[in-house]
4 protein chains.
Amino acid sequence: MIPIGIIGASGYTGLELIRLLENHPTFGLKVITSRDHVGKTLEETFGISGSFGKLTFEAPDVENIAKRVEAVFLCVPAGTAQELAFSFLDHKVKVVDLSADFRFRNLDLYQRTYKLTHKFPQLLYQSVYGLSEIFEEDIKKAALIGNPGCYPTATLLPLIPLIKEGLIEGEGIIVDAKSGTSGAGRKAENYYSFCEVNEDFKAYKVAGHRHTPEMEEKLSYFAKEPVKIIFTPHLLPINRGILATIYVKFRRPLDYIHSYLEGFYKDKTFVRVLPLGSYPRLAEVRGTNLCKIALFEDKERRQGIIISVIDNLIKGASGQAIQNLNIMFGLPEDTGLPKSPLFV
Amino acid sequence: MIPIGIIGASGYTGLELIRLLENHPTFGLKVITSRDHVGKTLEETFGISGSFGKLTFEAPDVENIAKRVEAVFLCVPAGTAQELAFSFLDHKVKVVDLSADFRFRNLDLYQRTYKLTHKFPQLLYQSVYGLSEIFEEDIKKAALIGNPGCYPTATLLPLIPLIKEGLIEGEGIIVDAKSGTSGAGRKAENYYSFCEVNEDFKAYKVAGHRHTPEMEEKLSYFAKEPVKIIFTPHLLPINRGILATIYVKFRRPLDYIHSYLEGFYKDKTFVRVLPLGSYPRLAEVRGTNLCKIALFEDKERRQGIIISVIDNLIKGASGQAIQNLNIMFGLPEDTGLPKSPLFV
Amino acid sequence: MIPIGIIGASGYTGLELIRLLENHPTFGLKVITSRDHVGKTLEETFGISGSFGKLTFEAPDVENIAKRVEAVFLCVPAGTAQELAFSFLDHKVKVVDLSADFRFRNLDLYQRTYKLTHKFPQLLYQSVYGLSEIFEEDIKKAALIGNPGCYPTATLLPLIPLIKEGLIEGEGIIVDAKSGTSGAGRKAENYYSFCEVNEDFKAYKVAGHRHTPEMEEKLSYFAKEPVKIIFTPHLLPINRGILATIYVKFRRPLDYIHSYLEGFYKDKTFVRVLPLGSYPRLAEVRGTNLCKIALFEDKERRQGIIISVIDNLIKGASGQAIQNLNIMFGLPEDTGLPKSPLFV
Amino acid sequence: MIPIGIIGASGYTGLELIRLLENHPTFGLKVITSRDHVGKTLEETFGISGSFGKLTFEAPDVENIAKRVEAVFLCVPAGTAQELAFSFLDHKVKVVDLSADFRFRNLDLYQRTYKLTHKFPQLLYQSVYGLSEIFEEDIKKAALIGNPGCYPTATLLPLIPLIKEGLIEGEGIIVDAKSGTSGAGRKAENYYSFCEVNEDFKAYKVAGHRHTPEMEEKLSYFAKEPVKIIFTPHLLPINRGILATIYVKFRRPLDYIHSYLEGFYKDKTFVRVLPLGSYPRLAEVRGTNLCKIALFEDKERRQGIIISVIDNLIKGASGQAIQNLNIMFGLPEDTGLPKSPLFV
């Protein structure tokens, strides 16, 4: 049993980590922290009565925690994770950071995008971007993972293999994405209140979302040239799930591209390229660590349309974080992670 | 055209009044107030682009407003309405108060229930309880209406005629009620956030909700003896609607009771007693000022079951308020009020 | 009072017409037909207890109906409307057809798209496409209206003025649209069952939806050259509303284009061009006949993004149908139509 | 590994069994049947890409299946399960039947309630009612389980200990229950279509639901006298979950009763009696095999109010079925079953 901890365990990604770890045969959850709930159990605060119901929130005291765990998940805001990551690493504790603090290679891009100063820029070169299927070899050797954003996960899994292989144009990529409301985290705001999300639908941060530079940095890296994308996020009146509809220019016929992508992911448990003509649904990935991808073409108009779905709290956050830690500890990547969906 | 105003127009009942008044042929909305939005239009604040989109929020200055309107709706918290009502009445402006400040006859009961002091207790005797179909004759002569709570409206419309006529026992009445989330008003709290209401369902304030004493006072008045009820409210993951399932002991056969209630409401536009065997749905009253009532009996167990549905924002609040003002001004009670539901 | 009828009144668009007509001061609903419910009232079949609750469904007997009405709405499937329209016109009854039978000018395009033969192709030249704000002058003189599809209404209202004026490229237009489930009509299929739509989200008919040729015909007409669009519809887990996110290439700066479109619609009650920086929401048009439009630009990537929202059952179907009949009878176009939204 | 099968695996309870079995360390799913999908895989039919994605539906051929499994779950309609159970038992295959065919002891009550003839009445005496926490000792020795209905599970877990111990009256029990729509199974009917369930709420089968006699038989058994209950089911616009609000007369003070029930279940993993004053929510049991129970009292009115919540597809069906099979095979009852909820 490998003892681990969750720093900032009272948000949606922290609670989802707790839920998923209940089924994990190797990682043993020993520490959960939350400044708001110090001294209270999971059952007292959130009514969570599972295996970890008696686990008690403590303060995020690195010295103390580092003695009791071999790895931590950081579920704290961007900016706050930097120092925590540095300190845990200093104590030889492996870190998977779910914030944006270690997602970028380009220091300046990070600082402009998040309007934060990075106090440990050297760690950006040491950290690995935790898109598990793509960076698996690097993740094996890493001590620090920058776990990808939810939108980037849904978008990059289909696009990276295609852009790397030159099968799509780098120009004119449009990502029209729709996310369940849990993607916004736990927020007491009218904008996210039940009556104002339910039966509604809206776009937000058009041409200005922070995940755009993250996606562009990774796509540019694989394209070996600067790639710009148009990214429009929308808020779905559901709890979980992201569906990204991606418009690209195919450089080869649909059949060829489909066959390539299918081959690329054929040995990957969590990425499924659907048969041509099939439609992915959020219901088919809800509660799983899967990403499902479908490819379409408007032949008359010579346009490729790619649809990608994930559960934003699992493959888009906590599930992929566990997948990365599995890889870091040499376990099979799917250890303890769900594959069968809550169909209803 | 009768000029009117809404004091506290930025909550859900205020916005619903605005929407409903757009179709009113006689009342002309001239004043809306909101301390938070002074100087801004409805369109700027809430994106409401209808007939009143250019109407500008102002501060609740009674002197100034009283010169420009003949009646006001008060959509302010209990406690705040008392003084506003007194001042407007002093300026000969009719008042329909949607708070609890004028719903009670019993001063002490009000003060204990709402933990507030009533500064104008004499007004409690002058005000009329605005359950339109029951107190119509008094409403005609009133200058001040205490508009009923949403749960009491759904509950009292079926029960008052039956208890007054001695057709049900006063003992052992149980009201198991379920309300859409708009009933809680506009609140920026995690408890009412989308992700924590959606796909959830829960009871709240069991044996302690403030609408219980309001219902008991009215039932006791008509029963001519003290009536106690068990009242359990629940929060539905929908925007609007209340369904109350009411358990009573019938003193006569179902047919007889059904026939009596049907007769009682036969000339009332907004109360529909369904044929025996029919089930009311929230969808059939959504967007209307209707209350639909169905009667059932578990013969083997000698128990009456009454189901009553309303749209909590209309018959349970803003619609009934307009119905009352219609009656106060001698207009047909259904003037400008919707009767056909948003079926989907 | 102008007597009118609804042919095929038991589907969602028929029921919505009934609801909206309750507030109409001039049109008097005299006839509703439904083969399934002949002899039953609206209240018996759908629990609709409003002004029309006692109206009885009859069979669609044109001879008989034509004597009692001056106009009819056809809410029947494509293919079925052709003959009904011909017969009613023959009896001097005006027709607003909500099916696709009279939306096209190009006979061949209609026949290929709907896989139907048109028995009255001459009527295609006589009929007017009922996009009210665009074809108002023709509608005034028309006896037969082909009421637009819901997706085309949301898409064409922003695009037609811009493409006509040459402000956007005709190439590379992408329409990523999301519709509430009522858009599919009343269907007893697992695909549309509650548990399989709720908490789900999916694209459908990618590169193959029947509304694509309808939009292309109209855009090409105003562009004076063939326009092809990429259209991807998605199914939202809500009852009503369409949001279209439209990607275009602007030929002028955003300010200029925004100013032009604002000017174009400045006297139109039902089309609102939002101030730059504002986001439209479905909640702001729910229950209204409004279309709200916002314009954005990704400057760095030189891409225009247009967001358009409507209530699919009102501006996208029954409301626009009434708006057209208002125009045909010389009434103000907004007669009896709602402008203030159900905010919750 | 113990090989098992699911007969009738294409409904919601079958699919949920498949999902839950993915985490089971001992039961190996070898056979799934569905007459509609013979020869197709789970992935082809339902897009389920987990561990069992390549499992192929076959016809329910008992002879053939009995050779390959040691136990089966029957997820077929009442009436159909009788013969299947008999045949599998005849081949020494253990059976957990999720239909109503083996829930009753009283043959006549079953036949009247389900309007079916029981062809194997002798099996009613051999079968054990699978309310795991109550009948654990009998389940250990059983070869055939009648898995309880969803409403009875939520209702009986709190009531049986109390009625057996004489802590509540047997008279006047009222169960006001609310269920998510998955409880109705997979049905292509307008009544269950998205637009007609979403934003709606309704009661159904008042004083006539088939689960009433099931609950009464079990309560009467433990009360040692006939117990009648009033049961009112309602349809919630959510996918999963049952909340039962139960009104009873306490014979002892609340503290005493709470303490007794807490003691009764203190060693049971899946039944949690909440501290006094706490409210159970569906969100806290969603995705788990838990039942949470809270006790309240309206002191002034001397009424006990019990609230019980479960996930209808898990503790109310497939989860409890696995729990029972665990017990039958001598495994810890919680083997492979989830305890931490999908909080969002």
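Predicted model: local features only at pLDDT ≥ 70, side-chain atom pairs only at ≥ 80, totals over all residues.
**Entry 1: how the copies relate**

Then I looked up which surface the copies use. Of the interface residues of chain A, 100% are also interface residues in chain C, so these copies meet through the same surface.

**Entry 2: chain D against chain B**

Next I went to the contact of chain D and chain B. I counted 47 residues from chain D and 47 residues from chain B in it. Together the two chains bury about 3800 Å², and 60% of that is on carbon and sulfur atoms. D:E199, D:F201 and D:R301 supply 17% of the area chain D buries against chain B, more than any other three residues.

Then I checked the polar side of this interface. The rule finds 30 residue pairs in polar contact across it, with both residues at pLDDT 80 or more. I sorted the chain D side by residue type and got 24 nonpolar, seven polar and 16 charged.

Which elements of chain D supply at least two residues each to that side? I noted helices α9 (194–197) and α10 (211–223), plus strands β8 (173–180), β9 (202–203), β10 (229–236), β11 (242–248), β13 (291–298) and β14 (303–310). β10(D) gives the most, with five residues.

For salt bridges, the count across chain D and chain B is six. One I looked at by name is D:E300 with B:K228, where the closest N and O atoms are 2.6 Å apart.

**Entry 3: salt bridges elsewhere**

Over all chains, the count comes to 96 salt bridges. I picked a few to follow up.

B:E196 pairs with A:R186, with 2.7 Å between the closest N and O atoms. This one crosses between chains: B:E196 sits in helix α9 (residues 194–197) of chain B, while A:R186 is in the loop between β8 (173–180) and α9 (194–197) of chain A. Buried or partly exposed, I asked of B:E196? I have B:E196 down as buried, because its relative accessibility is 4%.

Another pair I looked up is B:E43 and C:R272, whose side chains meet at 2.8 Å, N to O. B:E43 is in helix α2 (residues 42–46) of chain B and C:R272 in strand β12 (residues 271–273) of chain C, so this pair also joins two chains. B:E43 has a relative accessible area of 17%, and I logged that residue as buried because the cut-off is under 20%.

I also took a pair inside one chain. D:K140 and D:E137 form a salt bridge, with the closest N and O atoms 3.1 Å apart. Both lie in helix α7 (residues 132–141) of chain D, three residues apart, which is about one turn of the helix. D:K140 is partly exposed at 42% relative accessibility, and D:E137 is partly exposed too, at 49%.

Last, I traced a network. Which residues does it link? I found A:E16, A:R19, A:R240 and A:D311 joined by salt bridges.

Conventions
Residues numbered from 1 in each chain as written. Chains lettered and ligands numbered in written order. Heavy atoms only, no water. Contact = heavy atoms within 4.5 Å. Buried area = accessible area lost by both parts, 1.4 Å probe. Salt bridge = Lys/Arg side-chain N within 4 Å of Asp/Glu carboxyl O. Polar contact = N/O pair within 3.5 Å; in protein donor to acceptor, adjacent residues only side chain to side chain. Helix = DSSP H or I, 4+ residues; strand = E, 2+ residues; numbered from the N terminus. Nonpolar A, V, L, I, M, F, W, Y, C, P; charged D, E, K, R; others polar. Buried < 20%, exposed > 50% of the residue type's maximum accessible area, 1.4 Å probe, protein only.
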